[in-house]
Amino acid sequence: MRADIVLCSAPVMSVLRPSVGIGVLHAALAARGHRVETLHLNLDFANLVGLDLNEQLAEQTPAHLLIGDWVFARCVGRPGPALAVARHEREITALLARRGIGGVPRLREAVAAPFVAAAAEKILARRPRIVGFGTMFQQTMASLAIAKAVKAGDPSVVVVFGGANCHGPMGSALLRTYRQVDRVFTGEADTAFPDLADALLRGIGDADAIAGQLYRDGGVPDDPPLRKLDQVPIPDYADYFTQLAMLDEADRVAPSLPFESSRGCWWGQKHHCTFCGLNAEGIVFRAKSSRRVLEELSELTVRHGIDRFSATDNILAPAHIDGVMRPLAAAPAVARSLFYEIKANLNEAQTALLADAGVTQVQPGIESLSDDILAIMRKGVDTLLNLRLMRNCREFGLGVIWSILHGFPGEPAHAYDAMAALVPLIEHLPPPTGLSPLRLDRFSPNFEDAERLGFVEVRPVVAYSALHDAPAAVIADLAYFFEGRAKGAAGEGDLLRLRGAVATWKARWEEEAPPALVFARVERGMLVKDERTVAASELQYLGPASAALADRLRNPGHLGGAVEAVAKEHGAAAADGAMRELLDRHFIVVRGDTALSLLVEGGRRRVRAGSGNPFGGLAPRAAPSALAGVAS
Ligand code: SF4
């Protein structure tokens with residue numbers, strides 16, 4: 001079929017979900033009457049190399065290593081200096097060995113070039129006049145390689161790049177470095193790309209005057225980002241589902257639908273977390289109306305028969321708690337499963353509402369359990385608020401995705417031992433994925449204001465100079481991930497105890513059932529089941545005064561004030577005894593003069609058993625496939 005515009009999603013990307021950005025552009029172009037087709041070339045690649053290997057590369061390798069880009073780099077041009085290439089390859093080899101991922105060098109040597117040729121042929125068969133590449137994560141080199149082959153096949157095709165890897169100076173550097181790129185959108189392109197298509201294909205307006213793009217002889221600065229998100233069309237994922245169905249192992253894929261209810265961050269707009277790589281324009285918070293979000297979820301479910309959704313939002317809009325979550329909770333669908341990034345200060349009622357609405361997993365940006373380190377990163381929450389959220393999520397059955405960041409300038413080294421000491425008390429709460437060294441991302445305060453915030457020797461990670469044959473100044477513009485030395489950061493030795501404690505914590509959550517610290521009310525007291533390592537005994541009884549004090553500390557509260565309040569009802573001696581009992585049994589955590597109960601109330605699970613994974617999933621392979629040898 002002929003398409004005037006072909007939008008491409010290049011490898012390496014997960015097969016489990018389409019790109020929301022490309023889906024939105026497809027819908028916007030189609031709405032203006034353009035003949036547009038989206039080619040999910042990442043699906044073709046996954047089909048060729050095997051779904052398991054594709055998912056390992058896309059989802060289980062650190063973003064800053066750019067392994068997917070490394071696979072396609074030779075198809076783009078000469079590599080960078082030998083020293084950089086050697087160091088990058090050493091890092092990749094070590095990572096692949098650690099993760100047990102095999103067959104990747106063969107993809108680079110034997111699969112990448114024929115794949116690129118076939119992809120270009122597939123694109124050119126549509127006889128397009130515009131080919132757009134949306135690049136995020138590890139898609140840049142494959143996009144550049146395919147674009148080069150497309151231009152070689154038909155130099156009249158206009159190649160347009162956009163997406164997160166093109167924002168700000170990165171887009172300008174791509175255009176300067178690679179002749180196969182004709183135009184780059186350096187920010188949001190919801191209306192600019194369709195305007196460009198109108199100009200190039202229909203002569204409506206001046207293509208070179210459209211804001212937010214760079215081209216070989218010039219460019220126009222970005223427009224202010226789109227304010228009214230209700231103007232953004234519902235993404236068109238039809239091509240994704242058509243092409244997904246053609247995979248040899250399509251029946252293994254349980255896809256998820258990405259959707260967008262807001263952009264930017266209402267917290268970061270006021271207090272940009274120091275590590276967060278949202279750029280100055282992108283951080284401006286904008287939300288769709290609640291009515292529109294509900295319509296979109298409903299429309300996507302009806303179109304695709306899928307109730308697994310992952311929100312692309314950086315943070316849940318406060319207005320959507322009542323406006324979206326409450327109506328969803330009031331009309332429950334058995335299978336609905338949503339993922340949202342949230343702020344960790346959601347209270348108990350709000351967390352319960354999310355669970356009732358079908359939210360099954362959240363990413364609350366916990367990042368640390370040290371008040372000092374949370375303050376350094378300007379996170380706007382403290383340890384007890386983080387723990388309250390984790391406890392409430394355990395109570396209501398919500399999954400929590402988080403990790404411990406380390407490596408901040410001036411962080412107190414003893415904070416890591418303090419966190420290690422806390423771990424045995426909170427073994428019943430969802431563990432982190434691990435300890436993650438702080439990365440310097442472009443646009444983050446840590447990068448933009450590196451010297452003042454305590455970073456020295458800041459430079460792009462080695463992957464960029466290994467992959468691109470370009471001068472250092474261009475590499476510095478191309479890069480999103482940087483490395484540097486944080487002055488006064490804790491050393492590896494300071495992390496040892498915490499690493500051990502987290503490993504034990506995670507191991508306990510891999511047992512048949514995670515450890516419990518759960519209570520049931522028994523008359524005016526509580527019967528507590530404690531399966532943590534620090535448990536004095538598995539079953540313990542708390543009398544009325546202790547139960548009353550624990551109830552008063554469901555939210556972080558002044559410990560002395562809570563004891564006084566209990567004393568009014570139960571007497572001073574009983575209240576004092578209650579405090580000692582809760583402390584001795586490790587049922588409360590105290591920071592300064594504030595305390596929080598760790599006790600999870602039983603019987604309050606709200607996430608429905610059997611809810612699907614909001615990110616989708618890949619079923620295990622039933623029988624050996626003939627394709628397995630391709631990547632071995
Ligand atoms: S890390 Fe999260 S909360 Fe902080 S500024 Fe970025 S998006 Fe906002």
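A nonpolar core is a set of buried Ala, Val, Leu, Ile, Met, Phe, Trp, Tyr and Cys residues joined through side-chain atoms within 4.5 Å. Buried means under 20% relative accessible area, exposed over 50%, and partly exposed in between, with a 1.4 Å probe and protein chains only. The model is predicted: local features need pLDDT of at least 70, side-chain atom pairs count only at pLDDT 80 or more, and totals for chains, interfaces and linings use all residues. Residues are numbered from 1 along each chain as its sequence is written, and side-chain values use heavy atoms, with hydrogens and water left out.

Start with the division of the chain. It runs as domain 1 (5–231), domain 2 (251–509) and domain 3 (517–601). These bounds come from an automatic or database domain assignment. Taken over C-alpha atoms, the centres of domain 1 and domain 3 are 56 Å apart.

The largest nonpolar core holds 183 residues. Those with the most contacts inside it are Phe72, Ile123, Ile146, Phe161, Tyr340 and Leu387. Helix α6 (residues 104–124) contributes the most to this core, with 9 residues. Another core lies apart from it, with 19 residues, including Val36, Ile130, Phe185 and Ala197. Helices (H or I, at least four residues) and strands (E, at least two) are DSSP runs, numbered from the N terminus. Contact means heavy atoms within 4.5 Å. Leaving out residues up to four places away in sequence, Leu387 touches Leu369, Leu422, Ile426, Leu429, Val589 and Leu596.

Ser290, Arg292, Val293, Glu296, Leu297, Leu300 and His304 are buried in α11. Seen down the helix axis, the buried residues of α11 fall within an arc of 165°, so they line one face. The arc is that of the directions from the helix axis to the C-beta atoms. Arg291 and Val302 are exposed on the other side of α11. The buried residues pack against α10 (238–244), β9 (257–259), β12 (308–311), α12 (318–330) and β13 (337–341). Just after α11, Gly305 takes a positive phi of about 65°.

Last, the cysteines. The structure holds 0 disulfides, a disulfide being a pair of cysteine sulfur atoms within 2.5 Å. The sulfur of Cys166 is 13 Å from the closest cysteine sulfur, in Cys8, too far for a bond. Cys166 counts as buried because its relative accessibility is 0%. Cys273 also counts as buried, at 7%.
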